[in-house]
Amino acid sequence: MENKKKKLLLAGGGYADIPLIRAAKKLGYYVITSGNRPEELGHEYSDEYRLADFSDKEAIRKLAQELNVSAICACCNDFSALSCAYTAEKLGLPGHDSYDVAQVIHYKDRYRKFAAENGIATPRALGFSDKKEALSQVASLAFPVIVKPVDLTGGKGMSTVKTIEETDKALERAFSISRMKRVVVEEFIEGTRHGFSAFLVGGKVVFYFSDNEHYFLNPYMVSAASVPGLVPEAAKRQLCADAEKIASLLSLKDGIFHVQYILRAGEPVIIEICRRAPGDLYVRFVEIATGVDYASWIVKASAGLDCAGLTQAEPKGFFTRHCVMSAAAGRMEDVVFDQSIEKNIVEKFMWWKKGDVISDVLTAKCGIVFLRFSSSDEMLDKTERMQELIRVVTR
């Protein structure tokens, strides 16, 4: 019997995409996941899996056309967001910004230029597609600087450089890893680091979620997030105003508007921006903390459905989402939970197996744990010590 359900293509299928896949199925879609790794955990939750690299916009367009989907949704990856915007534009699918706008949002050099031109707080930055040109111009920036590929997240290829002499090596690294062969060099900003996930309807922020970011061995990759965000109300108002200003200038479609920012002297400075679900089950974190089914709203917006019913909801307590990571390379033996943390655990999603090899401690994750605390002090104290309280044992 032929399947009469409307089809939704999710351009991805990793563990972080599971809430989106479940939400799409709950909304009545026949869900097809994609990507070039059949072993990804999300594919077990979809109706069908098709091999197609979500960073290849033409491959995703062809797949969407062949499947005759009525909706497309990005996974928790910028390349996927770009492929989905491209595909939606080519096939006339709803719920996505134009491909050009998606590039302004997701390519760091284009966003920095756009923000600077439109009076939105951003680090002073220069974009380059040539190393020689970069070396001749970086002296105009105030050191230290951060060198980044324009098209990667999670700290890949990034370096903090204190002197001009160190720049050559950092540029070489960033250029070599960038798919676009473009880098951005920006002035380093001191302050506390936070996330801000807003949802736009009709160009206005109808919901936002403010967090504190925590780091482990990798200074560029968030290992934990805690809420409520310990920032002034004025900073949240400014971020809402920035989101609405960007939405107006770029005619953004309804949906998620997620940023990472540095709070400098009480003022938020946006350092990263995207229009897709953040990784590491962040959408589940929002739901646990606020009760808002964030994944469903993201899928609805991506499918061009009405999102008028979403309203603001504050965290109902003190919560942390923690990525379980190892302090040492080796073979996985166990994950040990300290007795003092057991009572705080709300939910955990673990995928490690005994004998798994951890070679890169800066990126390898073994699972994600959601925790609830009785106070802000307990939340901050335990979150900062979480790598001791939830300890990975390797041999």
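## Surroundings of H43

A polar atom of the H43 side chain lies 3.2 Å from the backbone oxygen of R37, within the limit for a polar contact (a pair of N or O atoms within 3.5 Å; within protein, one must be able to donate a hydrogen and the other to accept it, and residues adjacent in sequence count only if both atoms are side-chain atoms). The model is predicted, so local features need pLDDT of at least 70 and side-chain atom pairs count only at pLDDT 80 or more, while totals for chains, interfaces and linings use all residues. Residues are numbered from 1 along each chain as its sequence is written, and side-chain values use heavy atoms, with hydrogens and water left out.

H43 is located in the loop between β2 (30–33) and β3 (48–49), where helices (H or I, at least four residues) and strands (E, at least two) are DSSP runs numbered from the N terminus. With a relative accessibility of 11%, H43 is buried, a term that means under 20% relative accessible area, against over 50% for exposed and partly exposed in between (1.4 Å probe, protein chains only). Beyond its neighbours within four places in sequence, H43 is in contact (heavy atoms within 4.5 Å) with residues including G12, G13, T33 and Y49.

## The parallel sheet and its helices

An open sheet is formed by 4 strands in the order β3-β2-β1-β4, with parallel pairing; two strands pair if DSSP finds at least two bridges between them. The edge strands, each pairing on one side only, are β3 and β4 (71–74).

Strand β1 (residues 7–11) is joined to β2 by 4 bridges, and K7 stands opposite Y30 in β2. Helix α1 (residues 18–26) lies across β1, β2 and β4 and runs at about 155° to β2, whereas helix α2 (residues 57–67) touches β1, β2, β3 and β4, its direction making about 165° with that of β1; axes are lines fitted to C-alpha atoms, for helices over the stretch in contact, and angles run from 0 to 180 degrees between N-to-C directions.
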